[in-house]
Amino acid sequence: YFGLSFSRVGADFRSLIMPIFVRVSLHSFQLSVREAKHEFHEAMKHFTLTQTIPSFSSSSFPTSGISNFLSPPHSLLSYQPLEILTNALVAAFNDMRSCAPIAMAPEVSKEVERLLQSAVRDIGEYHRIEHETFTQAETQAFNRLCRVVIVDFLPFIEQCLSLLFPEDAVQHVASCTPLSIRHTHQDNSLSLSTTRRKIILNIGISAETLAEPMRNLVPEVFE
């Protein structure tokens, strides 16, 4: 409002303030992602497949913000590391919603992608270390864990990002057509002309691509 008032005398400084908000909001999100990565890594170090007790209550998840529009799958509650990571990400998304300009979308997408890649690696490392001692029941439980990650968890986080940075808003800012903004992981950068400059929009994540390293662990899920 203050900047708008100054614009009446040709001194609109709002565009100079926006980078400050973007920088602070992004830094806060990066700290949350770093903490979530550490918490998931520690949870996987102490995780046992006997902990996978089905739960039918969603009370462990946030009930405001993004969760008002998109409910986390109940299957995630059966696995404590996934529950911890989901809670941390949803909380980080909710904190950012009050100041989430489209300019943050590429960096936020990269941060989330790196976090999920790390989580998939941790699960793979858990299998590498423990699989030789798996009983038949534990093998089945691990396969269910991988299925939940591939079918429920990764697509849910992908949807959260789409809700945080809606495609319509991205199209409006980038002044492009709906077809040209579609995300493809093979070439997920798009050159667009905005205010006579070229900008690169690298928005969203691909749940399918992030799950690919798990193909060798549970090939039947990909069939």
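At 2% relative accessibility, F153 counts as buried, where buried denotes under 20% relative accessible area, exposed over 50% and partly exposed in between, computed with a 1.4 Å probe and protein chains only. The structure is a predicted model, in which local features need pLDDT of at least 70 and side-chain atom pairs count only at pLDDT 80 or more, whereas totals for chains, interfaces and linings use all residues. Residues are numbered from 1 along each chain as its sequence is written, and side-chain values use heavy atoms, with hydrogens and water left out.

F153 is found in helix α5. Leaving aside residues up to four places away in sequence, F153 touches L76, L82, L85, T86, L116 and V148; a contact requires heavy atoms within 4.5 Å. Helix α5 spans residues 136–164 and has 29 residues. From its first C-alpha to its last, α5 reaches 41 Å, close to the 42 Å expected at 1.5 Å a residue, the expected span being 1.5 Å times one less than the number of residues. A kink of about 40° is centred on V149 in α5; the bend at a residue is the angle between axes fitted to the seven residues ending there and the seven starting there.

The chain as a whole contains seven helices and two strands, in the order α-α-α-α-α-α-β-β-α along the sequence. These elements are DSSP runs numbered from the N terminus, with helices (H or I) of at least four residues and strands (E) of at least two. Of the 223 residues in the chain, 40% are buried. Among contacts with a separation of 6 or more, 71% are between residues 24 or more positions apart. The accessible surface of the chain comes to about 13000 Å², and carbon and sulfur atoms account for 54% of this area. Accessible areas come from the Shrake-Rupley method with a 1.4 Å probe; for residues, only the protein chains shown count as cover.

A nonpolar surface patch is formed by I17, M18, I20, F21 and V24, with about 440 Å² of accessible area together. I20 lies in helix α2 (residues 14–45) and is partly exposed, with a relative accessible area of 42%.

C99 is placed in the loop between α3 (80–97) and α4 (105–130). C99 and F21 are 78 residues apart in sequence and 7.4 Å apart in space, C-alpha to C-alpha.

How values were computed:
Patch = residues over 30% accessible without salt bridge, like charges linked within 9 Å, V, L, I, M, F, W, Y side chains within 5 Å. Salt bridge = Lys/Arg side-chain N within 4 Å of Asp/Glu carboxyl O.
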